[in-house]
Amino acid sequence: MRVLMPVTVADARMATPRVRVLTLRHARRDRLPPFQGGAHTLLTLPDGTKRAYSIASDPAREEAWDIAVLREGHGSSILHELPVGSRLYATHPQAGFGAAAGAARHVMVAGGIGLTPFLSMLPPLIRAGADATLHLCAREEGSAPLVAETRVLLGERLVTWFGDARRRLDLAALLAGHEPGTHAYCCGPQRMLEAFRAATAHWPDEAIHTETFLGLAPERATSGEAFSVRLARSGVTLDVPANRSLLDVLREAGVAPEASCEGGACGTCTVPVLAGRVVHRDLCLSGPKRARMMTTCVSRGEGELILDL
Ligand code: FES
């Protein structure tokens with residue numbers, strides 16, 4: 001069960017023409033719950049729409065969180081127009097994407113608004129003296145939010161790749177060799193994630209960390225062929241109609257996993273699959289994980305799946 005807390009929009013500013021940064025404070029307390037860099041929160045907007053956002057501020061700042069909202073659809077336009085002082089509801093921070101403890105070196109790659117989780121991951125790493133480099137890619141410098149703040153934080157360890165400066169990051173070259181203890185991270189649009197996964201195909205699975213800022217649209221989560229799932233622990237079979245998600249059906253049966261983004265982006269709703277053919281639609285599971293797991297919010301099956309539930 002997810003705990004929702006009331007938060008107030010304490011401040012807002014446009015970081016680029018399409019990105020609005022909102023500062024959120026707890027509506028009744030002086031502090032927000034603690035979180036680890038890279039965590040996100042699921043916001044419930046005034047019309048009931050839910051949207052997941054990375055917390056884009058230093059975890060040491062306990063009294064407020066920043067989120068950066070790219071205007072790209074219904075939920076984000078509500079957040080772009082929301083006046084300061086408005087009330088929202090936020091989940092406690094959900095971990096999922098974060099710096100690997102004990103890593104010797106962190107190589108981070110962000111695409112545009114995909115910079116945001118790194119803004120909460122980096123300050124603790126910098127304070128700890130970690131070896132961390134961030135490669136930021138965007139079509140043009142003016143379209144990438146919070147670049148100046150990131151430069152202050154990282155200095156020369158921020159490497160920018162802006163299309164309008166004719167600089168293009170060669171991921172295959174950057175990630176050609178893997179040194180033990182090095183971890184690589186990527187947050188950005190799907191095409192960038194695919195290129196990153198291809199460039200790190202020879203890396204150990206545990207050294208690769210990905211997150212997308214863009215979950216799938218809700219209609220993609222609830223459309224497709226009907227299929228069924230057998231729950232191995234109880235022997236119960238559930239039918240998933242063409243117009244519903246597996247997550248919905250599991251919720252109705254009282255056996256649903258926790259969920260967060262509900263758009264295939266965070267991996268919170270993942271369950272183990274024992275048999276059957278999965279139609280993976282998520283943006284978060286790596287190849288080896290896909291062989292034995294599935295997200296329930298967007299992925300579907302063909303025929304019957306057997307789940308370890
Ligand atoms: S809830 Fe985020 S991937 Fe399913």
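**Notes on the predicted model**

1. Apart from neighbours within four places in sequence, Ile-55 is in contact with Phe-35, Ala-39, His-40, Thr-41, Trp-65, Asp-66, Pro-93, Thr-116 and Ser-120. The residue is found in the loop between S4 and S5. Its relative accessibility is 0%, and because buried means under 20%, Ile-55 counts as buried. From Ile-55 to Cys-187 the distance is 13 Å, C-alpha to C-alpha, although the two are 132 residues apart in sequence.

2. The protein chain contains eight helices and 16 strands. Its radius of gyration is 20 Å, close to the 19 Å that the globule rule gives for 309 residues, so the chain is as compact as a globular protein of that length. Along the principal axes, the C-alpha atoms fill a box of roughly 55 × 50 × 35 Å.

3. Of the 309 residues, 51% count as buried. The protein chain exposes about 14,300 Å², and carbon and sulfur atoms supply 50% of that area. Among contacts with a separation of 6 or more, 64% are accounted for by residues 24 or more positions apart.

4. Charge deserves a separate comment. The protein chain has 34 positive and 32 negative side chains, and the centres of these two sets lie 2 Å apart. Side chains of opposite charge can pair when their charged atoms come close. How many salt bridges does a search of the whole structure find? The search finds 13 salt bridges.

5. One of these pairs is formed by Arg-127 and Asp-58, whose side chains meet in a salt bridge at 2.8 Å, N to O. The pair links distant parts of the chain: Arg-127 belongs to helix H2 (residues 116-127), whereas Asp-58 lies in the loop between strand S4 (50-54) and strand S5 (65-70), 69 residues apart. Is Arg-127 buried or exposed? With a relative accessibility of 52%, Arg-127 counts as exposed, because the cut-off for that class is over 50%. Asp-58, at 21%, counts as partly exposed.

6. A further salt bridge joins Arg-71 and Glu-81, with the closest N and O atoms 3.5 Å apart. Arg-71 lies in the loop between S5 and helix H1 (74-81) and Glu-81 lies in helix H1, so the pair ties together parts that are 10 residues apart in sequence. Arg-71 has a relative accessible area of 36% and is partly exposed, whereas Glu-81 is exposed at 57%.

7. Glu-141 and Arg-151 also form a salt bridge, in which the closest N and O atoms are 3.7 Å apart. Glu-141 is placed in the loop between strand S8 (132-138) and helix H3 (147-154) and Arg-151 in helix H3, so this pair ties together parts that are 10 residues apart in sequence. Glu-141 is partly exposed, with a relative accessible area of 39%; Arg-151 likewise counts as partly exposed, at 38%.

8. Which residues do salt bridges that share partners join into one network? Arg-61, Glu-63 and Asp-66 are joined in this way.

Conventions: Residues numbered from 1 in each chain as written. Predicted model: local features only at pLDDT ≥ 70, side-chain atom pairs only at ≥ 80, totals over all residues. Heavy atoms only, no water. Helix = DSSP H or I, 4+ residues; strand = E, 2+ residues; numbered from the N terminus. Rg over C-alpha atoms; globule rule 2.2 N^0.38 Å. Buried < 20%, exposed > 50% of the residue type's maximum accessible area, 1.4 Å probe, protein only. Contact = heavy atoms within 4.5 Å. Areas by Shrake-Rupley, 256 points an atom, 1.4 Å probe, with all protein chains shown as cover. Lys, Arg positive; Asp, Glu negative; His and termini not counted. Charge placed at Lys NZ, Arg CZ, Asp CG, Glu CD. Salt bridge = Lys/Arg side-chain N within 4 Å of Asp/Glu carboxyl O.
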